[in-house]
Amino acid sequence: MPEIEYRQAIQDALREEMKRDERVFLMGEDIAIYGGAYGATRGLYEEFGEERVRDTAISEAAIAGGAVGAAMAGMRPVAEIMYMDFLTIAMDQLANQGAKNRYMFGGKTTVPMVLRTEGGAGRCIAAQHSQSLEAWFLHVPGLFVVCPATPYDVKGLLKASIRDDNPVLFIEHKLIYGDTGEVPDEEYLVPLGEAAVTRAGTDVTVVSYSRMANRSLEACTKLAEEDGIEAEVIDLRCLKPMDIDRVLDSVRKTGRLALVSEGCKNGNAVNEIAMRVNEFAFDYLDAPIKRICAADVPIPMSPTLEDATVPNVDRICAEIKEVVGQ
Amino acid sequence: MISKVTMPKLGQTMEKAVVEKWVKSEGDEVAKGDILLEITTDKATLEVESYHEGTLLKIFAEEGTEVPVNHVIAVVGDPGEEIPDDIAAPPPASAEEAPKPSAPARPAPAPSAAAPAPSATPTAAPVAVAAAPAPPDVVAPPERVFSSPRARRRAKEEKIALDCLVGSGPNGRIIERDVTAYLERLDAVQVTPTARVIAFQRGVDLLKTKGSGPNGRIVKDDVADAVPARGLREQLTPMRRVIADRLTHSFRDIPHFYLMMDMDMAAVVPFRKTLNDEGDVRVSFNDILMRACALAYEDVPEMNAAWLGDSILIRPDVNIGLAVSLDKGLIVPVVKDVQTKTLQQLALESADLVQRARSKQLTPDDYEGGCLTLSNLGMFDVDAFVPIINPGEAAILGVGRITEKAIVVDGMIAIKPMMTVTLSGDHRVIDGAQAAAFLKKIKDVLVEPDVLLE
C-alpha cells in the first residue's frame with residue numbers, strides 16, 4: 001500500500017469526489033491558485049478550473065453563507081475556512097442557517113455542504129491561530145463534526161462527508177498535513193460516526209481524536225513498553241455522530257477511562273464522552289475518569305509555553321498512569 | 001547488669017498470663033517497685049512491679065501474648081548493655097489464641113472467684129482493661145469506605161460483601177482488583193451456596209470463617225451466627241472472656257436450685273445505725289449479712305461444701321466472696337475466715353478488698369477459696385434476682401433492696417423494712433432443706449441482730 005501525506009490524501013479525496021460528482025466544487029481563501037494555506041487543494045485548480053475551484057474574498061461569513069446557499073440550491077460545496085479560529089465570523093451561517101434549514105423547512109431542503117478547516121496548536125502562531133474549538137459545534141443540533149487524525153481517515157471521511165446530506169464541519173489539524181500513512185489505491189469510504197480502535201488493551205481506555213489520537217497512541221505504546229500498561233486506544237474520528245458504543249464497550253472491559261483533547265479543559269468536547277460513560281457505564285468504572293486537555297488559557301506564542309499548554313506524550317503517559325493507579 | 005524480668009507466679013493455680021499492657025517502654029528508666037506492666041490471668045488483671053533498677057532494655061513479650069510463668073518477658077540493665085544470646089524471647093504460650101482460662105475443666109476445691117452473679121454492671125462504660133489479640137472477625141470501626149462503581153458491581157455479582165474487602169486504590173478505595181484478589185483466595189474455601197448468600201447479606205468474611213461441615217466446608221450455621229448486621233463490635237477483654245467461660249460452665253454444668261425468702265429488717269436497720277453512730281467503722285448491710293452467714297454455717301455446716309467430682313469436700317472455714325462490679329465486668333474478692341471476725345473487722349477488710357478490686361490491685365489469693373458469694377443489687381433498686389453460682393462454690397446469695405412493705409403481722413397489716421434474699425444452690429452438694437435451714441437462720445439472726453455481736 002502506498003504511503004502518502006495527509007494533505008495528499010485530502011487532495012485525492014477532493015479529486016475523486018469532483019470527478020465522481022459534478023455538483024462538487026471548492027471555495028475558500030487562497031485555495032485555487034495558491035493551493036491552500038497548507039496545500040490541501042494544490043493542483044486542483046489546474047485540473048478542474050476556476051468554475052469548480054474558486055478563490056473567495058476574505059470573508060468567512062460569505063464563504064459559509066455561499067456554501068449553505070449553494071448546497072440548498074443543489075450543489076455539494078466543499079468550502080474552506082483557513083483557520084478554525086475564524087469560524088466565529090462564519091458562525092451565524094453555519095450554526096443558524098446551515099445547521100437549521102433542513103429541519104426548519106420540514107425536510108423540503110437539505111444542506112449537503114462540507115466546511116473544511118483546520119485547528120490546533122504547535123506552530124507558535126499564538127492565541128488567534130491555534131485554537132481547538134470543536135466543542136462549540138457539538139452544541140448545535142444538525143451539524144456533524146469530523147476530526148480525522150491520519151491520511152487514511154482523512155481521505156475516507158472527507159469522501160463520506162461530501163456524500164452526506166448533512167452539513168459537516170470537517171476539522172483538520174495544522175500540524176499533521178505532512179504526516180504520512182498508508183492509503184489504498186482503490187476507493188474506500190470511512191463511515192461517519194465510526195470510531196477506530198488503534199490499539200487493543202485491557203487496563204485503561206484512552207479516547208481521543210485528531211492529532212491527540214496520534215499522541216495518545218504514541219504514549220500508550222510507550223506505556224506498554226516501559227510500564228506494562230496495556231491501554232486500549234480509541235480514535236473517535238467523528239465527534240458527531242459519536243461512536244459512543246465503541247467507547248462504552250471498551251470501558252466495560254477496562255474499567256478506566258482517560259480522555260485526551262487539544263481543546264481547553266473547561267467545556268471540552270470530551271466532557272460529553274465522560275457524561276455518557278457516566279450515564280451508561282457507571283457501574284463499570286473502577287477509577288474516576290480523567291481528562292487530559294489543554295490548559296484553560298489562550299494558547300501562548302512561546303514554544304515552551306505552547307508545549308506546556310497542550311498535552312504532550314510525557315504528560316499523557318503520566319496522567320494515564322494515575323488513572324491506572326501506578 | 002542484666003536482669004531478667006519474668007512472668008510472675010501470682011497465685012497457686014496460675015500457670016500463664018497474658019501481657020495486657022506495658023506501662024514502661026523500651027528505654028525507660030525503672031526503679032524498684034515501679035509498675036512495669038499489667039498482666040491478665042484467667043482471673044484478674046494485675047500489675048507487675050519491677051524487682052530491679054536500671055533501663056528497660058528489651059521487651060520480649062508483646063502486648064496480647066500469653067506467656068507461661070517464669071518465662072522471660074523483658075530485661076532490665078544498664079543503657080546500651082548487650083543482651084546475652086541465651087536470654088531469648090519466650091515462645092508465647094499460644095500466640096494465636098486469646099487468653100482462655102483453664103479453670104472450668106477442673107473440679108477444684110479451691111477455685112477462684114473471678115466471676116459470679118448476674119451481670120453487675122448496670123451501664124456500659126468504656127473498656128478499661130486493654131484488649132486481647134483481636135479475634136479474627138472483628139469489624140473495623142464504622143468509617144466511610146470508598147469503592148469504585150466497578151468494584152461494587154463486581155462484588156454484588158460475585159456475592160461478596162464490600163465489608164470483607166480491603167481497598168488498594170487511591171484513598172484506600174476498593175477497586176476491582178481487590179474483588180478479584182479476594183475471589184482468588186475464596187477459591188480455596190469450600191462454602192455451601194446458602195452460606196455464601198448469607199455471608200453476602202450479613203457481610204461475613206468467608207476467608208475468616210471456620211467451616212464446620214465435611215472437609216471444613218463452611219455451612220449455613222457458620223455464617224448465620226457470625227456477625228450481627230448492625231451495632232458496634234467490641235473485642236473481648238480477657239476479663240469478659242473469663243466471665244463468659246466460667247458462667248457458661250456454671251450455668252450449664254451446675255444444677256441450680258433457688259430459694260427466696262423475705263427478711264424482716266426492722267431490727268437490723270436501727271441496729272446498724274446505732275453501731276455506726278457509736279463506732280468509728282462504717283458497717284454495711286453486706287458486712288452484717290456476712291456475719292449472719294457465718295452463724296448460719298455454724299448451724300448448717302453441710303452448706304460449706306464443694307463438689308469434687310467423685311466426692312464432696314466440707315470445709316471448716318467460712319470464706320465469703322463479695323461481687324464487686326467494675327467498669328466492664330466484675331470480680332469477687334473473698335473475705336477469709338469470716339467466722340473468726342467481728343463486724344468491724346469484716347467492714348474494714350471488705351472495704352479494703354472492694355477498693356483494691358476497683359484499682360486492680362487484688363492478688364490471686366484475694367479472690368480464691370470462697371464458699372459462698374454475696375451479690376447485692378439493692379443499691380440499684382432491685383427487689384430480688386436469681387444469681388448464677390460462682391463455680392467452685394456451693395451457693396450464692398442474691399440480695400435485693402431494703403424497702404418498706406406492708407406485711408401481715410399477727411392478723412394486722414404492718415409496715416416494715418423488708419429485704420428479699422435469693423439463694424442459688426448447687427444441687428450436687430446441697431439440698432433444699434439444708435439451704436432452707438441456712439436461710440432461716442439468717443432470717444432469725446436479722447430479727448435479733450444482737451447475736452451478731454457475740
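Axes here are lines fitted to C-alpha atoms, for helices over the stretch in contact, and angles run from 0 to 180 degrees between N-to-C directions. The views show a predicted model, in which local features need pLDDT of at least 70 and side-chain atom pairs count only at pLDDT 80 or more, while totals for chains, interfaces and linings use all residues. Residues are numbered from 1 along each chain as its sequence is written, and chains are lettered from A and ligands numbered from 1 in the order in which they are written.

**View 1. Helices H7 and H9 of chain B.** Helices (DSSP runs of H or I, at least four residues) are numbered from the N terminus. H7(B), residues 285-299, and H9(B), residues 432-447, cross at roughly 130 degrees, and their axes come within 9 Å. Residues in contact (C-beta atoms, placed from the backbone, within 7 Å) include B:Ala292 and B:Asp299 of H7(B) and B:Phe438 and B:Lys441 of H9(B).

**View 2. Helices H9 and H10 of chain A.** H9(A), residues 244-254, packs against H10(A), residues 270-281, at an angle of about 60 degrees, with the axes 10 Å apart. The two helices are therefore oblique to each other.

**View 3. Chain A against chain B.** Eight residues of chain A are in contact with nine residues of chain B.

Conventions. Two residues are in contact if their C-beta atoms, placed from the backbone, lie within 7 Å. Angles under 35 degrees count as roughly parallel, over 145 as roughly antiparallel, 65 to 115 as roughly perpendicular and the rest as oblique.
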